[in-house]
Amino acid sequence: QLQLVESGGGLVQSGGSLRLSCVASGSIFSINVMGWYRQAPGKQRELVATITSGGSSSYPDSVKGRFTISRDNAKNTVYLQMNSLKPEDTAVYYCNARKTLGSIIVTSYWGQGTQVTVSS
């Protein structure tokens, strides 16, 4: 089993910044992709950023250039630096860790989520 605990959410004004953290504990040896997702009220959960065990990251166009995902393997922690925040970034942000074989997700774990609210 793997446990994920997020922190760092809060209320920020438009144009501001926040950094989210996700600490993983438990059976992390098999995890090869970690990421952040978000879900706004009435909307589906969407991908925000992913990072592989090799350090390759990817982002959707909606956050590219504003958000940066990184990982500290020594601390079993993944970060999401969010800059130039917009009101539409308001959502609950979830940390995800998964083991994949090619394009197949073998195992997936979720954190409890942390609220990010951006005021205009």
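Here, buried means under 20% relative accessible area, exposed means over 50%, and partly exposed falls in between (1.4 Å probe, protein chains only). This is a predicted model, so local features need pLDDT of at least 70 and side-chain atom pairs count only at pLDDT 80 or more, while totals for chains, interfaces and linings use all residues. Residues are numbered from 1 along each chain as its sequence is written, and side-chain values use heavy atoms, with hydrogens and water left out.

**View 1. Asp 61 pairs with Lys 64 in a salt bridge.** A salt bridge is a side-chain nitrogen of Lys or Arg within 4 Å of a carboxyl oxygen of Asp or Glu. In this pair, the closest N and O atoms sit 3.5 Å apart. Asp 61 has 67% relative accessibility, so count it as exposed. The structure holds four salt bridges, and the next two views show others, starting with Asp 89 and Arg 66.

**View 2. Asp 89 meets Arg 66, side chain to side chain.** The N to O distance in this salt bridge is 2.8 Å. The pair ties together distant parts of the chain, 23 residues apart: Asp 89 lies in the loop between strand S8 (77-82) and strand S9 (91-101), and Arg 66 in the loop between strand S6 (57-58) and strand S7 (67-72). Strands (E, at least two residues) and helices (H or I, at least four) are DSSP runs, numbered from the N terminus. Asp 89 is buried, at 1% relative accessible area. Arg 66 is buried too, at 11%. Salt bridges with shared partners join Arg 66 and Asp 89 with Arg 38 and Glu 46 into one network.

**View 3. Glu 46 and Arg 38 form another salt bridge.** Look for the closest N and O atoms, 2.6 Å apart. Are the two partners buried or partly exposed? Glu 46 is partly exposed at 36% relative accessibility, whereas Arg 38 is buried at 5%.

**View 4. Ser 17 sits in the loop between strand S2 (10-13) and strand S3 (18-26).** With a relative accessible area of 40%, Ser 17 is partly exposed. Which residues does Ser 17 contact, leaving aside neighbours within four places in sequence? They are Val 12, Gln 81, Met 82, Asn 83, Ser 84 and Leu 85, where contact means heavy atoms within 4.5 Å. The Ser 17 and Asn 83 side chains are also joined by a polar contact of 2.9 Å. A polar contact is a pair of N or O atoms within 3.5 Å; within protein, one must be able to donate a hydrogen and the other to accept it, and residues adjacent in sequence count only if both atoms are side-chain atoms.
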